[in-house]
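This report concerns selected local features of one protein structure. The sequence and the coordinates are shown first, and the discussion follows.

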Amino acid sequence: GWSDCNSNTIGSLDGTKTILIANSSTSSSEVYGIYSSASIAAVTTFNNNSIGAITHSKSNTAACGLVGLRAGSSSSNNLIIEDNAIGNAGAEMKTINNSTTASLSGNTVIGIYVLSSIHQIRNNLIRNLTTNNQSTGTGTSSSVQGMYISSAASGSLISGNTIHSLSNTSPAANSWVNGITISSSTALLTFEKNFIHSLVISGTG
């Protein structure tokens, strides 16, 4: 069976408890604060979780990614993702590497990633996501994404979310940083009352 995923703390939002992953793998790799691929035809909630102060680093040029919360697996899912806090000043969600790989799988920092489902994503706070990678990926492969929504089912609602202080600090590449990325060509989705600001890139191209 599956139970809801609510009121968990991964790392911290004030920097007092940190998660540091120093990864020596020469292959692309990702780290998740919360990961769910459960495929059930029922309402599942991901509410009031706190995720922050996580760093995933590599000293080589292999890609490394970081995702705060990942949920969804099929169009039968009915997800409610609400009132989660991901990242904070002094509790950044961060990757450190020199990879030039432009890839969604392994070289992006994402706050909330939702795949193939009906969902309501409401009143979440996503902030202070950062990387120094040299990816020039665009759209769905952008180096930092506050929220990534893939193949959402019609009827989904994305409302009242605040996303800010996303950055790529590498001066070596003209990278993309997205507040919300949508990869869904036919579904009817509702986006309303979201507040996105303070997106920063340092590259000169």
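## Exposure of Ala89

Ala89 has a relative accessibility of 54% and is therefore classed as exposed, since the exposed class begins over 50%. The model in which this value was computed is a predicted one. Ala89 belongs to the loop that runs between strands β9 (85-86) and β10 (93-96).

In sequence, Ala89 and Arg127 are separated by 38 residues. In space, their C-alpha atoms are 7.8 Å apart.

Arg127 is part of strand β13, which spans residues 125-131. Is this residue, Arg127, buried or exposed? Arg127 is buried, and it has no salt bridge. The nearest side chain of opposite charge belongs to Glu92, at a distance of 10 Å; the salt-bridge criterion requires a side-chain nitrogen within 4 Å of a carboxyl oxygen.

The side chain of Arg127 does form a polar contact with the side chain of Asn88, at 3.4 Å.

How many cavities of 30 Å³ or more does a search of the whole structure find? The search finds one. The largest cavity has a volume of about 40 Å³. Ten residues line this largest cavity, and those closest to its centre are Ser36, Ala38, Thr44, Asn77 and Leu79.

Definitions and conventions. Residues numbered from 1 in each chain as written. Predicted model: local features only at pLDDT ≥ 70, side-chain atom pairs only at ≥ 80, totals over all residues. Heavy atoms only, no water. Helix = DSSP H or I, 4+ residues; strand = E, 2+ residues; numbered from the N terminus. Buried < 20%, exposed > 50% of the residue type's maximum accessible area, 1.4 Å probe, protein only. Lys, Arg positive; Asp, Glu negative; His and termini not counted. Polar contact = N/O pair within 3.5 Å; in protein donor to acceptor, adjacent residues only side chain to side chain. 1 Å grid on protein atoms, 1.4 Å probe; cavity = no way out; pocket = protein on both sides within 12 Å on 5 of 7 lines; lining within 4 Å. Points joined across faces, edges and corners; volume = space filled by probe spheres on them.
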